[in-house]
Amino acid sequence: MRIAIRHTVAAVGAVVLLAGCGSGQVEDSSGNQGGGAGNKKLALVPGVQNEPFYISMQCGAEEEAKSAGYTVQTNAPAKFDATLQEPIVTGLAANKPAALLIAPTDDVAMTEPIKQVKDQGVVVVEVDTALQDTSIAVSTVTSNNEEGGRLAAQTLAKLAAGKSGTVLVLDTIAGTSTTNARAKGFEDELKKTPNLKSGGVEFTQNEPDQAASKVTAALAAKPDLIGIFATNLNTGEGAATGLRNANKIGAVNLVGFDASPTEVEGLKAGEFQGLIAQDPATIGREGVKQAIAKLEGKDVKRNIEAPLVAITKDNMSANEKYFYKTNC
Ligand code: T6T
């Protein structure tokens, strides 16, 4: 079920500012957006707190901002949940940043709050996830998530080496643009491997416990389960727990997304057979670059693709630079 959010805060401020310039963007005397050339504050609103993917993104963003003379204030919801992310976004009105870098937790429900901030003159850049409405952000920096799903299907096909069986996709939440695209890319690519049958897509709400229970249920319902694709970090870590609890480590191949310390340890230990790692620091860095370019009246790239890499035990050491951080 999709989340409905009420949008009340900041509406008054938005009307006043809109009346001032008519375009929905506040401009300083030089014609730049972002509420004046003196404002060097950037806000980063990730999808969830204390998670290595977003910590690595924050590190990249802070590094880039510092070298350009800007600061980044990061504030993330306690859970990957639009009802918790929305008040953080509307609360920005009290201490307006020049630009907002945001990973929207829902591709529809977060539209209105983000639009309200944009209407107050704040430059919006999407980092990682995106809204369905492409008219709000000036730039979107993300991995090619469909391609990541296709890479996961190819990895599982290789691991199956011609053996037949069912493959399950564990996605996070309907409305998370990135993981939904990964599931789609995976399912499309899987059709090219007739020995592997799709066991469908199940949602975990981004909760490791739910991922573990989905694995337990799938092992009981699908005796020919041969592989699992977990579309993100929490889902992958939970799926590994499910396989461990059932003594099925290695018997069912697990390909995860992301490269958290726990996932990397899991790959070393044989709990995962593959990981599709992203480059969150580059996403943060590029997001800041595009925000500053817009603020300073320079050219902005509307869409930027960050690198992805398929990591297995064999090529782990060559890909250490993709492992996510827990601090900068
Ligand atoms: O996989 C990343 C991110 O790309 C996705 O949008 C949400 O989940 C993560 O943050 C990992 O937990």
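A cavity is a set of grid points where a 1.4 Å probe fits but cannot get out. The views below show a predicted model.

**View 1. The largest cavity of the predicted model.** The largest cavity has a volume of about 140 Å³. When the whole structure is searched, one cavity of 30 Å³ or more is found. Its lining is made up of 17 residues. Those lying nearest the centre of the cavity are Glu51, Tyr54, Phe80, Asp128 and Asn232.

View 2. Two helices, α2 (52–67) and α6 (177–190), each contribute at least two residues to the lining of the largest cavity. α6 provides the largest share, three residues. By residue class, the lining of the largest cavity contains five nonpolar, eight polar and four charged residues. Both domain 1 (7–137 + 280–305) and domain 2 (145–277) are represented in this lining, with at least three residues from each.

**View 3. The second largest pocket.** The volume of the second largest pocket is about 280 Å³. This pocket is lined by 18 residues, and Ala130, Leu131, Thr140, Thr142 and Ser177 are the ones nearest its centre. Two or more lining residues come from each of the elements β5 (139–143), α6 and β11 (303–306). Four of the residues lining the second largest pocket are nonpolar, nine are polar and five are charged. The second largest pocket lies between domain 1 (7–137 + 280–305) and domain 2 (145–277), because both domains give residues to its lining.

**View 4. Packing of helices α5 and α6.** Two packed helices are described by the angle between their axes and the distance between the axes. For helix α5 (residues 145–160) and α6, the angle is about 45° and the axes are 6 Å apart. α5 is therefore oblique to α6.

**View 5. Packing of helices α7 and α8.** Helix α7 (residues 208–221) and helix α8 (residues 233–245) cross at roughly 45°, and their axes come within 7 Å. This angle makes α7 oblique to α8. The crossing in which α7 passes α8 is right-handed.

**View 6. Packing of helices α2 and α10.** The axis of α2 comes within 6 Å of the axis of helix α10 (residues 280–295), and the two cross at roughly 40°. Angles under 35 degrees would count as roughly parallel, so α2 and α10 are classed as oblique to each other. α2 passes α10 in a right-handed crossing. α2 also gives at least two residues to the lining of the largest cavity.

How values were computed: Residues numbered from 1 in each chain as written. Predicted model: local features only at pLDDT ≥ 70, side-chain atom pairs only at ≥ 80, totals over all residues. Heavy atoms only, no water. 1 Å grid on protein atoms, 1.4 Å probe; cavity = no way out; pocket = protein on both sides within 12 Å on 5 of 7 lines; lining within 4 Å. Points joined across faces, edges and corners; volume = space filled by probe spheres on them. Helix = DSSP H or I, 4+ residues; strand = E, 2+ residues; numbered from the N terminus. Nonpolar A, V, L, I, M, F, W, Y, C, P; charged D, E, K, R; others polar. Domains from an automatic or database assignment. Axes fitted to C-alpha atoms, helices over the stretch in contact; angles between N-to-C directions. Parallel < 35°, antiparallel > 145°, perpendicular 65-115°, else oblique. Left-handed = near helix turned anticlockwise from the far one by under 90°.
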